[in-house]
Amino acid sequence: MILSDRSILEAVQDGRIIIEPFDQECLQPSSVDLHLDYRFLVFKNHTLGHIDVREDLSNLTQEVSANDGDPFMLHPGEFVLGSTLERVSVPDDLVARLEGKSSLGRLGLLIHSTAGYVDAGWDGQLTLELSNVANLPITLYPRMKIGQISFVQMTTPADRPYGSSELGSKYRGQEGPKASRYWENF
């Protein structure tokens, strides 16, 4: 069951769902609009011959910042990591879905490749996998609306929510965009 605007607002007011900062004007019929942070992780292309998922590749990206006077320019075919401005915390009986804004999708901006799912127990800023599939560069401004998050009620609370010690959750509590830590699976 997808939570309605009324149920989302009640959960935020009760502290079950945390969205910081929260602006009630961003509440949609069944979602909440989220905004873009000012930090981006840009890939240092052509520094490696290939990406080996077993290797720690934290040096493959570098952080850059944008501001209103100097927005981030996402070029055609480019892939970078960004994050939501908001910290989101999901209780152990809900999951969330992050989707792009349709108006931005109509311009060729994709905000995630595969990471649109937010597990029960998540807490932190959400990393965005930003891609430009258009033929022209797209300007990205800090604090612009970038996506929307909806919440789905689970049948029971999770026995092992994200962040449980036995799960080895890699990204709980993250601030800003975070590079892949997939290599830790090996």
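Which residue stands opposite Leu41 in strand 6? In this predicted model, the residue opposite Leu41 is Leu81. Strand 6 comprises residues 79-89, and two bridges join it to strand 3 in an antiparallel arrangement.

Strand 3 itself is mostly covered, with four of its five residues buried. As a general point, the side chains of a regular strand alternate between the two faces of the sheet.

The loop between strand 3 (39-43) and strand 4 (61-65) contains Val53. Is this residue buried, partly exposed or exposed? Val53 has a relative accessible area of 43% and is therefore partly exposed, since that class lies between the limits of 20% for buried and 50% for exposed residues. Together with Ile51, Tyr182 and Phe186, Val53 makes a nonpolar surface patch of about 440 Å².

Helix 1 spans residues 5-13, and its buried residues are Ile8, Leu9, Ala11 and Val12. Viewed down the helix axis, these buried residues fall within an arc of 160°, so they line one face of helix 1. The face turned away from the buried side carries the exposed residues Arg6 and Gln13. Just after helix 1, Gly15 adopts a positive phi of about 80°.

Against which strands do the buried residues of helix 1 pack? Their partners are strand 2 (32-35) and strand 12 (145-153). Both strands belong to an open sheet of four strands, ordered 2-12-7-9 and paired in the antiparallel sense. Strand 2 and strand 9 (117-118) form the edges of this sheet, each pairing on one side only.

Within the sheet, strand 12 is joined to strand 7 (residues 94-100) by seven bridges, and these two strands run antiparallel. Along this pairing, Arg97 stands opposite Ser150 of strand 12.

Methods:
Residues are numbered from 1 along each chain as its sequence is written. This is a predicted model: local features need pLDDT of at least 70, side-chain atom pairs count only at pLDDT 80 or more; totals for chains, interfaces and linings use all residues. Side-chain values use heavy atoms; hydrogens and water are left out. Patches are made of residues with over 30% relative accessible area and no salt bridge: like charges are joined within 9 Å, nonpolar side chains (Val, Leu, Ile, Met, Phe, Trp, Tyr) within 5 Å. Accessible areas come from the Shrake-Rupley method with a 1.4 Å probe; for residues, only the protein chains shown count as cover. A salt bridge is a side-chain nitrogen of Lys or Arg within 4 Å of a carboxyl oxygen of Asp or Glu. Buried means under 20% relative accessible area, exposed over 50%, partly exposed in between (1.4 Å probe, protein chains only). Two strands pair if DSSP finds at least two bridges between them. The arc is that of the directions from the helix axis to the C-beta atoms. Contact means heavy atoms within 4.5 Å.
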